[in-house]
Amino acid sequence: MYAKADQIFVHLLSWLVSFLPAGWQHVAGVLICVVVIIAVYPTLFALAVLLERKGLGRMQNRYGPNRVGPFGILQPVADGIKSLTKEDIVPERADKVVHFLAPVMLVVAVFMGFAVLPMGRNMVLVDLDASLLFFFAMGATTELSVFMAGWSSRNKYSLLGAMRAVAQMISYEVPLLLSSIVVVMMSGTLSLTKIAAIQNQYTWGIAHWNVLTPWGLAGFLIFVIASMAETNRSPFDLPEGESELVAGYFTEYSGFKFALFFLGEYVGMFGISGLGVTLFLGGWSAPFAFLDWIPSWIWFFGKVMVWICFFIWVRGTLPRIRQDQLMNFAWKFVLPLTLLNMVDVALWRFMGEGVLRWVVCSAILLVAYVGAGLTGMRQKKFGPRSYRYAE
Amino acid sequence: MLGEGILRGLAETARNFAGSYVSKERLTTVQYPEERAAAIEATRVFPFLVYDGLEWEAGLRCVACQICEKECPPKCIYIEKSKDKKPDYVGKMQIYPARFDIDVSVCMSCQICVEVCPFEAIKMDTEFELSTDDRFGGLLHDRKALAKSNEYYHKIHPTEATEVDARLAEEKAKAEAKAKAAADAAAAKAAAAASAPAKPADKDAPAETAPKPAGGGE
């Protein structure tokens with residue numbers, strides 16, 4: 001019974017395409033999957049926007065949107081209609097072609113990533129051998145579209161936002177990649193389906209999730225930080241920086257193009273959290289063996305939504321950091337720890353089974369973290385600010 | 001330890017998040033069109049004209065002295081004096097505004113008109129829902145729209161209105177006492193004049209009222 005629920009979408013798809021002649025079945029199957037992906041993630045986007053607005057409101061002791069529909073649940077619909085009916089303004093001296101292409105490219109790039117993401121058991125559109133590499137290649141394309149938007153708008157705020165975005169995304173791409181590398185080092189594969197499948201094993205009823213190992217936990221934390229920076233989420237939302245840059249690189253966008261940027265940002269968030277879930281949180285697998293009867297796709301989307309909620313929680317908590325703090329944090333703190341984590345995972349790999357490798361690997365990472373923190377605090381890189389002149 | 005502050009911050013927001021579902025005191029938002037916050041006494045939005053009694057036109061305290069019109073920084077007041085006169089609150093004959101317009105879109109709620117008015121005739125209202133779909137006529141309030149009773153004034157600014165009433169009553173009493181004294185004096189004088197056919201008093205009185213010699217240039 002539960003096997004049927006688990007594979008319901010797979011069976012549904014093969015049943016649907018079985019009406020077609022054999023030569024068309026594969027193409028039709030892929031097309032249906034694409035349509036489903038393009039339908040599901042914008043729906044989740046609407047849900048996430050509502051969650052974010054309601055959740056942030058509650059964190060600030062407000063109600064959040066509560067006027068459109070019962071409890072404001074139709075707010076995303078109202079927002080969508082609003083942005084569809086708004087005037088599309090293109091600056092007179094903008095580079096019209098590039099200005100038009102930028103949001104389109106962003107959305108295309110973020111949706112491409114889902115092609116290789118396993119969203120459940122046997123639920124992956126294209127099972128590439130190097131799907132992790134493909135995902136990061138697509139992720140890097142978003143930087144190009146961001147810069148296209150900033151450059152073509154011919155606006156100083158847009159350009160400043162784009163400059164910031166590119167500097168930030170490239171800086172955090174490095175720890176993002178290197179923190180994923182540790183999983184590849186342990187799994188011995190670049191295929192996301194295989195990485196997810198490897199984590200779907202149980203010892204004493206507990207899953208072999210990568211996050212449950214010392215190197216996995218460190219990699220996971222670094223991945224979370226880097227993914228926040230990569231998707232321009234608070235506290236790394238400098239490229240948008242409402243208080244200083246109007247709206248950053250999409251200042252000159254209005255109407256549906258603005259909505260596309262908004263969509264791209266959120267779908268990019270889903271993509272990167274889906275990747276993080278696959279790499280560290282076991283993908284579609286259940287945390288405990290006795291929970292295995294819940295369908296795998298529920299686990300995957302549930303984990304992604306929890307990740308998004310965490311993003312919202314962090315956004316409600318932390319203020320935006322400064323550009324130099326952002327860069328210092330990336331290059332002087334996150335990157336060295338990521339490199340150390342790679343050494344650590346190599347040690348873990350070759351120390352063999354046993355308690356010793358747990359102790360050694362945990363100790364190395366803990367000492368490095370505490371040491372880096374203490375040195376940073378002493379050098380006033382982190383911790384409370386002290387001002388020389390102003391009080 | 002590094003990251004401790006972030007965890008403490010996350011705990012704080014989580015407490016707010018959960019608390020907002022549990023305790024109603026945390027949510028200070030007033031759901032405006034359905035419910036309203038109690039008006040604060042010192043609220044000031046837009047001026048109105050005070051009138052005494054029941055008839056707004058007869059009771060207007062304004063005497064069209066035009067001080068507010070001259071003092072108004074954004075020049076949003078327009079006054080036209082009347083040709084005839086009507087009695088004011090002490091019973092003295094005064095001119096009144098034939099037209100008194102204030103433009104809502106220009107007024108900046110500075111309250112200077114209220115400060116300068118010597119007749120306690122213009123005060124600040126607490127009414128703030130002044131938006132309209134008629135951007136020409138709807139934003140220009142004439143004297144009928146501006147006239148509001150003294151009772152209304154008492155309702156929105158009780159302390160201030162009581163002070164004003166006391167001051168006006170005092171003034172009125174003073175004016176009455178003065179009038180009475182004048183009447184008494186006149187009566188006494190008349191009596192004195194009647195009793196004693198004295199000359200200087202009789203002579204002085206007409207001299208004062210007599211027209212001045214031409215060429216005064218005044």
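Modeller: Start with strands and pairing. Helices (H or I, at least four residues) and strands (E, at least two) are DSSP runs, numbered from the N terminus. Two strands pair if DSSP finds at least two bridges between them. In β3(B), for example, B:Ile95 is the bridge partner of B:Lys85. This is a predicted model: local features need pLDDT of at least 70, side-chain atom pairs count only at pLDDT 80 or more, and totals for chains, interfaces and linings use all residues. Residues are numbered from 1 along each chain as its sequence is written, chains are lettered from A and ligands numbered from 1 in the order in which they are written, and side-chain values use heavy atoms, with hydrogens and water left out.

Colleague: In which sense do β2 and β3 of chain B pair, and over how many bridges?

Modeller: Strands of a sheet pair through backbone hydrogen bonds, either parallel or antiparallel. Here, β2 (residues 77–87) and β3 (residues 93–103) of chain B are antiparallel, with 8 bridges. B:Glu80 is partnered by B:Arg99 in β3(B). β3(B) is also joined to β5 (residues 140–141) of chain B, by 2 antiparallel bridges. There, B:Asp103 faces B:Leu140 of β5(B).

Colleague: What is the strand order of that open sheet?

Modeller: The order is β2-β3-β5 (chain B), three strands with antiparallel pairing. β2 and β5 of chain B are the edges; each has a single partner strand, so one side of each lacks a neighbour in the sheet.

Colleague: Which strands form the open sheet with mixed pairing?

Modeller: That one runs β4-β1-β6 in chain B. Its edges are β4 (122–125) and β6 (147–149) of chain B, each with a single partner strand, so one side of each has no neighbour in the sheet. Neighbouring strands in this sheet are turned by 55° against each other on average, direction ignored. For that angle, axes are lines fitted to C-alpha atoms, for helices over the stretch in contact, and angles run from 0 to 180 degrees between N-to-C directions. Strand β1 (residues 46–51) of chain B runs parallel to β6(B), joined by 3 bridges. B:Val50 has B:Lys148 as its bridge partner in β6(B).

Colleague: How many residues does each chain bring to the contact?

Modeller: Contact means heavy atoms within 4.5 Å. Chain B brings 20 residues and chain A brings 20 residues. Buried area is the accessible area (1.4 Å probe) that two parts lose on being put together, summed over both. Between chain B and chain A this is about 1800 Å², with 63% from carbon and sulfur atoms. B:Met1, B:Leu2 and B:Leu10 supply 35% of the area that chain B buries against chain A, more than any other three residues.

Colleague: Which residue of chain A forms a salt bridge with B:Glu34?

Modeller: A salt bridge is a side-chain nitrogen of Lys or Arg within 4 Å of a carboxyl oxygen of Asp or Glu. The partner of B:Glu34 is A:Arg67, with the closest N and O atoms 3.2 Å apart. The count between the two chains is 1 salt bridge.
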